Amino acid sequence: MIRRIATAAFLIPVVLASVFYAPLWAYLLLIELFLLAAVWELLGLTGHFGVYAYRICYPLAAFFPLVWVYAPSGAGRYAVFAGLTVFVWSLAFSKDLAKAFLSATANLSGVLYIGVPFAVAAAYHPAFSSHGYDRIRGLELVFILVTVWASDAGAYFVGKALGRRRISPLLSPNKSLEGYLGGLFFAALAAVFFGTGMIPGPPAWKWAVAGILLGAAAIVGDLFESMLKRGAGIKDTSSLIPGHGGVLDRIDSLLFAFPVYFLLSGLLE
């Protein structure tokens, strides 16, 4: 967890600079670099399950943010296209029919698991507002990051101090019910303070609800990646970040939080 906090301390300034000061192309480039690294790690992880990685997943996932941003009405069609492409690809490149279905589903889930969250993140750049440059959209992106990392920090420190009841021993044996509740509390607290202080409009109770749901999404995202790693028998998804593991190890919570915030956007209007 200390690694997550250190990552947050580094990434938040990077995100602030890329969203509010860097040109649009630089922001999208940053999104694509992180996305491709995450896909590479995930496909490497699936190999531990004995399934085949499809190279077509790289461009399929990478195009998700571009379609979502520049042609949002076509995002659903693109998801269908991506799914069909992966299944057709499996027909041409499956060498072991006993693993064909698992390979196809694993690769498709990778495209969606990585592509959709990064697509949502890309769309929260101020330049992509339908009303022209909208600084609030950038602040919403920062709001998601701050809330999720507050949840991670709260879960760690409360769990370390008060944790007694282990409720996910198979997935993450060191996590406790007290830690999870602490994470939800800190997520709600951070959401209220940041939301009411930086983003005009919604009342405090809506920010609190959003914070709790984002905190829950962060917990689920962390547990989901833990499930994958424990099933594969590995500790880190890669060594891309020296001393911190892989990209997926640092952003697993965000991969669930971004889609959840997208679903919540109507609540906060």
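Leaving out neighbours up to four places away in sequence, His 125 is in contact (heavy atoms within 4.5 Å) with Ser 18, Val 19, Leu 24, Tyr 27 and Arg 137. This is a predicted model, where local features need pLDDT of at least 70 and side-chain atom pairs count only at pLDDT 80 or more, while totals for chains, interfaces and linings use all residues. Residues are numbered from 1 along each chain as its sequence is written, and side-chain values use heavy atoms, with hydrogens and water left out.

**Two residues to look at**

- His 125 sits in the loop between α5 and α6; helices here are DSSP runs (H or I, at least four residues), numbered from the N terminus.
- With 3% relative accessibility, His 125 counts as buried (buried means under 20% relative accessible area, exposed over 50%, partly exposed in between, with a 1.4 Å probe and protein chains only).
- Thr 147 belongs to helix α6, and at 0% relative accessibility Thr 147 is buried too.
- Setting aside residues up to four places away in sequence, Thr 147 touches Ala 187, Ala 190, Ala 191, Gly 211 and Leu 214.
- From Thr 147 to Phe 258 there are 111 residues in sequence, and 11 Å in space from C-alpha to C-alpha.

**α6 against α9**

- Helix α6 (residues 135–162) packs on helix α9 (residues 247–264) at an angle of about 130°, and their axes are 10 Å apart; axes are lines fitted to C-alpha atoms, for helices over the stretch in contact, and angles run from 0 to 180 degrees between N-to-C directions.
- The two helices, α6 and α9, are therefore oblique to each other (under 35 degrees counts as roughly parallel, over 145 as roughly antiparallel, 65 to 115 as roughly perpendicular and the rest as oblique).
- The crossing of α6 and α9 is right-handed, a label used if the near helix is turned clockwise from the far one by less than a right angle, with left-handed for anticlockwise.
- On the α6 side, the residues are Glu 140, Leu 141, Phe 143, Ile 144, Leu 145, Val 148, Trp 149 and Asp 152, and they meet Ser 253, Leu 254, Ala 257, Phe 258 and Tyr 261 in α9.
- Sorted by class, the contact of α6 with α9 has ten nonpolar, one polar and two charged residues (Ala, Val, Leu, Ile, Met, Phe, Trp, Tyr, Cys and Pro count as nonpolar, Asp, Glu, Lys and Arg as charged, and the others, Gly among them, as polar).

**α6 against α8**

- The axes of α6 and helix α8 (residues 204–232) come within 9 Å and cross at roughly 60°, and this crossing is right-handed.
- Phe 143, Ile 144, Thr 147, Val 148, Ser 151 and Asp 152 of α6 make the contact with Trp 207, Ala 210, Gly 211, Leu 214, Gly 215 and Ala 218 of α8.
- The contact of α6 with α8 divides into seven nonpolar, four polar and one charged residues.

**Aromatic pairs**

- The structure holds 13 aromatic pairs (rings of Phe, Tyr and Trp, its six-membered ring, pair if their centres lie within 6.5 Å; planes under 30 degrees apart count as stacked, over 60 as edge-to-face and the rest as tilted).
- Tyr 113 and Phe 256 form an edge-to-face pair, because their ring centres are 6.3 Å apart and their planes lie at 70°.
- This pair links distant parts of the chain, with Tyr 113 in helix α5 (residues 97–123) and Phe 256 in helix α9, 143 residues apart.
- Tyr 113 is buried at 11% relative accessibility, whereas Phe 256 is partly exposed at 24%.
- Ring pairs also link Tyr 124, Phe 143, Phe 194, Trp 207 and Tyr 261 into a cluster.
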